[in-house]
Amino acid sequence: MKIDLQQIEDASKEIYIRALKLLPPDIKEGFKRLDATETNATGKAILGTMIRNIKVAEANTNLLCQDTGIPIYNVVIGTGVEVDGYALKQAIIQGCARATKEHPLRSSVVHPTTRQNEHTSCGRGVPVINIDFSNENNMLSMEMIPKGSGSEFNSWLKMALPADGIDAIKTFVIDCVLEAGGKTCPPTIVGVGVGGTADLCVHLSKVAATRALGTSCTDPEGAKLEKELSGVVNKLGVGPQGLGGDSTAFAVHVETAATHITLNPVAVNMQCHSARRSRATFTPLGLSYGF
Amino acid sequence: MAHYEFDMPVTEQQIRQVRVNDTVTLNKTLYGIRDATQIHMFDHGRKTRFDLRGHAVVHTAPNVRWVGETQAAPSGYEPICIGTTTSARMERFTRPLMEQCGVRIIIGKGGLFAASQSAFKDIGGIYLAIVGGAAALETTWIEQIEEVDLDDLNPESLWKFRIKGFGPLLVAMDSHGGNLYTEVNKVARDNRAEVLAALGVKSA
């Protein structure tokens, strides 16, 4: 399957805008679930406003949240796909810049020291483009995540000791949720990376935070840990927007990687309640959009 | 728990009557301000031509469309999506914003801390919690971008919005030491040991 680079560019533009406007169905379901069980009056009112906002965004075809985020594109390339890797990245960057200029969107991206904004949502190393490969034949998929700063600002890494074991991981996750309070725009998806190197661990926490609700870690040990943490995180009482209640998190997600005999790394990254993502999939049947 | 309708600007007396858990809806004028705006105003000594005395500011950097200056868009900008950012980063600007510019109300999400709390108490100010991430809804409360200042900092310019029915917003910090965030935070920290025990953590 040969990939048309103009289509990549157009789709990169389209999925940035779609991600900002259409909340995935699993997140909407998550809201319904939390709303049904919230016992705190303030928390219930805040969830009601969030649910109303989703409807207003759809009715007015407007952005759900003003934060256009740091744009992240996760590309998966299957077997039998013919595409120039360098040109693919350039097409994604171009599509991201076009979304920003043509919609228009607020460019939330600046140089880290000069704070110069190019008003393209692009800059050195941004958009973040992650490329991976799968054994699926004749398929290329691009997932777009506009990662908001409220949740990104609160990111943590701890290189715990092997002697501290899994207790250190669990304690760290709970303490991060407490420290985040309302700053991460709860209810959140709490993403936890366990193992790997420092950078891999942080990356895994982002993968976990942006994974669809209802999915599980493919490592049974990770799945067990995320189930345990999800079961208790809402007993903390942080609640929607940190103003009290049961709905602190939709879920805790865990991703794991093997690590060094001397290491016990744990990272936490959160996704805010506006847990936005969008997807374009290329197959021999054509291009389709989804989540 | 009372509800207040404020036609901006307000007086110190109006602010002093408000308590946490009350709700407030604003009308007429609201200013948008953010990190870079305040860094330039208070660290780099830049001045704004706007008179902020008695006014409310919202922690924001909006999505706008340049349409050129018209009667319907006197600033030249049309709102697309206007929401609210996390306030915590701007904690150290609360006191200068109140002392030097006369601001009485800060609207944000996630709350502010002790330095802001004491400024609210000393000078007479409140913090209103808006629902972060509910920007599509918030945008419907904004009628127009009337004026813009310090626009070289765009999108972190100083924005003057004309608003109608902006709220209801929850009073989360008042001028009498009331603070919903510290109350919730204390409850959550008290729950920590129980949660860790439920996870089987031994040395909690």
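**Chain B, chain A and what lies between them**

Among the contacts in chain B between residues at least 6 apart in sequence, 64% join residues at least 24 apart. Before I go on, please keep in mind that this is a predicted model.

Staying with chain B, its secondary structure comes to 6 helices and 9 strands. Buried residues make up 50% of its 204 residues. The C-alpha trace of chain B spans about 65 × 35 × 35 Å along its principal axes.

Now the strands. Strand 1, residues 3–7, runs parallel to strand 2 in chain B, and 5 bridges join them. In that pairing B:Tyr4 stands opposite B:Val24. Strand 3 of chain B, residues 56–59, is also parallel to strand 2, with 3 bridges joining the two. There, B:Ile33 stands opposite B:His59. Strand 9 of chain B pairs with strand 2 in the antiparallel sense, over 8 bridges. One residue pair to look for is B:Thr29, which stands opposite B:Arg162 of strand 9.

Next, the core. The largest nonpolar core has 131 residues. Which residues have the most contacts inside this core? They are A:Val173, A:Val190, B:Leu128 and B:Ala172. Strand 9 of chain B, residues 158–173, makes the largest contribution to this core, with 10 residues. From chain A, domain 1 and domain 2 each give the core at least three residues.

Leaving out residues up to four places away in sequence, B:Ala172 touches A:Leu243 in chain A. Within chain B, the residues B:Ala172 touches are B:Val20, B:Gly111, B:Tyr127, B:Leu128, B:Ala129, B:Leu180 and B:Tyr181.

That brings us to the contact between the chains. On chain B, 45 residues are in contact with 45 residues of chain A. Which elements of chain B each supply at least two residues to that side? They are strand 4 (63–66), helix 5 (135–139), strand 9 and helix 6 (180–198). Helix 6 of chain B gives the most, with 13 residues. By residue type, the side of chain B that touches chain A divides into 25 nonpolar, 14 polar and 6 charged.

One residue in chain A to point out is A:Leu285, in the loop between strand 8 (278–283) and strand 9 (286–290). Is A:Leu285 buried or exposed? A:Leu285 has 8 C-beta neighbours inside 10 Å, so it counts as exposed. A:Leu285 and A:Met139 are 146 residues apart in sequence, with their C-alpha atoms 10.0 Å apart in space.

Last, the backbone. In chain A, the peptide bond joining A:His103 and A:Pro104 is cis, with omega about -10 degrees. A:Pro104 lies in the loop between helix 4 (85–102) and strand 2 (128–137) of chain A. In chain B, the bond from B:Met8 to B:Pro9 is cis, with omega near 5 degrees. B:Pro9 is found in the loop between strand 1 and helix 1 (12–16) of chain B.

There are also positive phi angles to mention. A:Ser121 is not a glycine, yet has a positive phi of about 60 degrees. A:Ser121 lies in the loop between helix 4 and strand 2 of chain A, and is buried because 26 other C-beta atoms lie within 10 Å. B:Asn21, also not a glycine, has a positive phi near 80 degrees. B:Asn21 sits in the loop between helix 1 and strand 2 of chain B. With 13 other C-beta atoms within 10 Å, B:Asn21 is partly exposed.

Terms used: Residues are numbered from 1 along each chain as its sequence is written. Chains are lettered from A and ligands numbered from 1 in the order in which they are written. This is a predicted model: local features need pLDDT of at least 70, side-chain atom pairs count only at pLDDT 80 or more; totals for chains, interfaces and linings use all residues. A nonpolar core is a set of buried Ala, Val, Leu, Ile, Met, Phe, Trp, Tyr and Cys residues joined through C-beta atoms within 7 Å. A residue is buried if 20 or more other C-beta atoms lie within 10 Å of its own, exposed if 12 or fewer, and partly exposed in between; C-beta atoms are placed from the backbone. Helices (H or I, at least four residues) and strands (E, at least two) are DSSP runs, numbered from the N terminus. Domain bounds come from an automatic or database domain assignment. Two residues are in contact if their C-beta atoms, placed from the backbone, lie within 7 Å. Ala, Val, Leu, Ile, Met, Phe, Trp, Tyr, Cys and Pro count as nonpolar, Asp, Glu, Lys and Arg as charged, and the others, Gly among them, as polar. Two strands pair if DSSP finds at least two bridges between them.
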